Amino acid sequence: MNIIFRVDSSIQIGSGHVMRCLTLANEIRKKASVKFICRVRKGHLIKKIEAEGFEVLKLSGEAIRYDINEFSPVDWLGVSQEQDSEECKNILKKNQPDWLIVDNYGIDIIWHKRAQKFSKKLLVIDDLANRHYSCDLLLDQNFYQDKNIRYKGLVQNNCKLLLGPKYALLRKEFLKRSHDIDNKCINRILVYFGGSDIKNNTLKVLRGIQSSKHENLFINVIIGPDCPHRNDILQYCLYKKNIECFNFVNNMAEIMNNSDLYIGSAGTTTWERCCMGLPSIVIGIAENQIKPMKAMELAGMTFFLGSEENVNSSSISILLDKILENPSVLKKMQKKNLELVDGYGASRCVSQMLIN
């Protein structure tokens, strides 16, 4: 089989789309040839994709003037759908993929229908359910109480939906889980806000932890490769012996397995944490994180503090003290998380592609 991914990353849109596509690509490559189409934008991860052994077909043309959707807070695509599909057309005509996999919130049925002329099948990875789609498979790995009706009227009748965390795209390393939460003692906290952390939530959280009433808390901080506040964070941590800072890491599963609590953003790491049984305090850094995190909090699977603009160091410290005074609540959360995600989502997705 011949597979092509159309996915981007940037400081503005983050790294999560590329990272979950890489997970799926590594699962697919056992059975097919895989290539990527990516636009060159500031903060791209093209070198990361190439380092994992995949060819990247680059889009770098100048954007023709166009109007961004007024309801979208982010310019996901960087150009109009018409321009993007036109730039992709020759690549798709030349490669004639058996499956085209698209992961971009700026692409909808307009782009899909144009691309379907040159691809046998189309898989869309999404979690917004806010536009119309034309595809054979649609994957939404998020936790929603209304997951079975979210895409009603948005997809065609022949589209098969792969919904919920059972399809979460996780690397195989997350199957190796062994850590068990101690009911009496929480020692190590992991802080992470993805690839860029534009609003510097990391420093906000560190100050909240440091002002906690509980001593002897050790903190691992992961700073993304495009974080504009790297120097401020490093300066804050410089003389604090209980804080260790890491650059973008390749052993996230190991770090999670050695942690008792996570404080950070939602996104792709949500399912990694669930699979490892790592309880969490989550802060929303994007609009599409709010609804699923509220649903997960209601189900006892996370603590959700709300959107980043409504969270300060004091609210973090207050919740942390409350949790640390009753750590048994984390044990219950761990159990629910482990039941939600088993780590085999990527293989389930590939199996569905093979039978369609």
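The protein chain carries 49 positive and 40 negative side chains, and the centres of the two sets lie 4 Å apart. Here Lys and Arg count as positive and Asp and Glu as negative, while His and the chain ends are not counted; each charge is placed at NZ of Lys, CZ of Arg, CG of Asp or CD of Glu.

A word on the background: this is a predicted model, in which local features need pLDDT of at least 70, side-chain atom pairs count only at pLDDT 80 or more, and totals for chains, interfaces and linings use all residues. Residues are numbered from 1 along each chain as its sequence is written, and side-chain values use heavy atoms, with hydrogens and water left out.

Now for the overall form. The radius of gyration of the protein chain is 20 Å, which agrees with the value near 21 Å that a compact globule of 356 residues would have (taken over C-alpha atoms; the globule rule is 2.2 Å times the number of residues to the power 0.38). Along the principal axes, the C-alpha atoms fill a box of roughly 60 × 40 × 35 Å. Of the 356 residues, 58% are buried (under 20% relative accessible area, with a 1.4 Å probe and protein chains only). Among contacts with a separation of 6 or more, 64% join residues 24 or more positions apart; a contact means heavy atoms within 4.5 Å.

The secondary structure comes to 12 helices and 13 strands. These are DSSP runs numbered from the N terminus, with at least four residues for helices (H or I) and at least two for strands (E).

Several strands pair up, which takes at least two DSSP bridges between them.

| Strands | Sense | Bridges | A bridged pair |
|---|---|---|---|
| Strand 4 (residues 99–103) and strand 5 | parallel | four | L100 and L122 |
| Strand 5 and strand 6 | parallel | three | V124 and L138 |
| Strand 6 and strand 7 (residues 160–163) | parallel | four | D140 and L163 |

Strand 5 (residues 121–125) is largely enclosed by the rest of the structure, because four of its five residues are buried. In strand 6 (residues 137–140), L137 and L139 point one way and L138 and D140 the other way, yet all are buried.

Helix 5 (residues 201–210) is mostly covered too, with eight of its 10 residues buried. Among them are L203, V205, L206 and I209, along with K204.

Technical notes:
Buried means under 20% relative accessible area, exposed over 50%, partly exposed in between (1.4 Å probe, protein chains only).
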